Structures are given as structure tokens and as C-alpha cells.
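Try each task before you read its solution.

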Amino acid sequence: MKLLTKKTTGLLLSSILCFALTACGDSDKPTVETDNVQPPSASSLQAIKDRGELRVAVFSDKPPFGYVDKEGNSQGYDIELAKRLAKDLLGDENKVKFVLTEAQNRINVLTSNKVDITLANFTVTPERATQVDFAKPYMKTAIGVVSPKTGAITDVEQLDGKVLIVNKGTTAETYFAKHYPNVKLQKYDHNSEAFAALKDGRGVGLAHDNTLLYAWTKNNPDFEVALHKVGEDDVIAPAVKKDNVELLNWVNEEIGKLQNEEFFHKAYDKTVKPFYGDNIDPNNVVIDTSNLNMAEVPTTNDEAEETAE
């Protein structure tokens, strides 16, 4: 009896060890993943279809491009694109999971496999193109500066030695840090925090995508975008995890198809025009076949380095 107990104990311990090491002929079983990290193949087209859900990173506080309405639903220009992608891939625009993110986390949510695609008004830059793969662009933008009408910033030289409000992880932060080191950058995580700081007078102005600033000033008439453009024009595009060629090719095909349908002008009329009014030409914002004249997006490290300035 005593010997039997030892054998039983030994078998029990062996079984526990075997389970802990996920060995003993069970290696073909799926591993248990955390809620935040998915296996490397989690964003393949087949994996998305098997899951029955397209996961897309979007903003929660950047109207009219990505924001959460009073009912708790995601709305905006990027959301319209995400829904259409889900419809074309999975047959239902509601089969999309919106993962709310901040500017500085748009790359991380891809590399950690938390999402399949990052939209979130993602401006293409050479540096970012070395970390993620960008699809074809669907929107234009540029860095602008909004300021109080009583102290309008009309020239970047007026910012020398002054406090300028920016969001972390944005092209505005990167551009001013590189080209205007004498400008004192006050950085915030959230758009709401940044605009609150501007209203409180914590900076002489706020730099961000001019496409966002136009919408914000419409509801804040004491401020204006007197400096419409700093630096060069930029483009905004969907991004996927680096080397996810299958998904990238599919998104590129989708963007091309949607541009042929003038989808983005229709999405602009539905989501952006109510914020802008008739003061902004939609051709200055959206990219469809009718106005497709943007440069190619860098897709490799070599191309990114060649266009680094």
C-alpha cells in the first residue's frame, strides 16, 4: 500500500510537470494567450476570418476623424473606413472591434498584436515606415498652429522661446523638436488635455494636424488657425504590422477599390463636412481617384531613408 502511494504520487507529479511544460504529446494544442497579446499569426487574413472580427485601432478624442459619441459609440471618418473594411472582409460592417488608442501607442498596438490595422489618423513618416507597413494613403494633412485671435500666431518665428502645446507621438512634436529647438514644447497624452491647456493659456498656441484644428476652431470661435501649414504636406494611411504582406496587399486592394468608388468623398460628406462646413475644399483633405496625385508612400527601410528629410 505504501509503495502504491509512492507510485501514484510520482505519476501525479509527472502529470503536473508534463502539463506545465505543455509537452507529452499535447504540443498541437493552442497555447493560452493573454487578453493583450496574440500569437504572431493573429492578423493573417485567415486568422481574422476565423475570429470573425477585424480589430482596428482608432482615436477616441479626435473629431471628426475618430471619437466616441454620447452613446459610447465610435464615430468619424476613420470609423467609416474601418466599417467598410470589415464589411468587405467579413460580410458585416459590425464585425469590427474598435481599439481606442493614443498617438504614441499607434505602433505598439500593432507590434504587440492587439490590433490588425491601425487607422487613428496615422500620418506616414519615414521613421514610422521602418516600424510598420503603410498601405495606400486616403487623406492629406499638414501641421498647423491654432492660437487665440487676440494673439494670433501667423509665422513660426513668433514661437521662438515661447511655449507651444503638442501631443506626444505626433508629427508636430517630432517636427518642432527637430527644426525649432528654441520652441518650448509642452506635451500631453490626450487631445482633450492639450486643448484644455490652450484654453487655459498655458501656451501661445497648439500645433497639430490642420485637419483637426479646422474642426476644433469651428466650435471655439475665439481661436483661429492663422498659421495653416508648417513644413511639408503629409499623407495619412492605414498601417499593418511589419512584414504582414498578405494583409497589406489586401488593404491596398481595398483602398484602390474604394477610391474608384469615390468612397472617401462620401465619407467626408457624412462625417467631416458637418464639422468643417463649406469653408474647406474636400479635395484638400481626401484622396480619391478623382484627385489622386499624391506621391508613393515609403514601404521599405531604404525608401524611408532616401526620403528622410
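**Exercise 1.** In this predicted model, what is the order of the strands in the open sheet of 5 strands?

*Solution.* Read across the sheet. The order is S10-S9-S11-S8-S12, and the pairing is mixed. Now look at the edges. Strand S10 (184–188) and strand S12 (223–236) each have a single partner strand, so one side of each has no neighbour in the sheet. Neighbouring strands are turned by 25° against each other on average, direction ignored.

**Exercise 2.** Find the sense in which strand S9 and strand S11 pair.

*Solution.* Start with the general rule. Strands of a sheet pair through backbone hydrogen bonds, either parallel or antiparallel. Strand S9 (residues 163–167) and strand S11 (residues 205–209) pair in the parallel sense, over 2 bridges.

**Exercise 3.** Which residues have the most contacts inside the largest nonpolar core?

*Solution.* This core has 51 residues. Leu54, Tyr77, Leu81 and Phe264 have the most contacts inside it. Helix H3 (residues 77–90) gives the largest share, 8 residues. Another core, of 15 residues, lies apart from it; Val99 and Val132 are among its members.

**Exercise 4.** Classify asparagine 108: why does it count as partly exposed?

*Solution.* Locate the residue first. Asparagine 108 is in helix H4 (residues 108–111). Its relative accessibility is 43%.

How values were computed. Residues are numbered from 1 along each chain as its sequence is written. This is a predicted model: local features need pLDDT of at least 70, side-chain atom pairs count only at pLDDT 80 or more; totals for chains, interfaces and linings use all residues. Side-chain values use heavy atoms; hydrogens and water are left out. Helices (H or I, at least four residues) and strands (E, at least two) are DSSP runs, numbered from the N terminus. Buried means under 20% relative accessible area, exposed over 50%, partly exposed in between (1.4 Å probe, protein chains only). Two strands pair if DSSP finds at least two bridges between them. Axes are lines fitted to C-alpha atoms, for helices over the stretch in contact, and angles run from 0 to 180 degrees between N-to-C directions. A nonpolar core is a set of buried Ala, Val, Leu, Ile, Met, Phe, Trp, Tyr and Cys residues joined through side-chain atoms within 4.5 Å.
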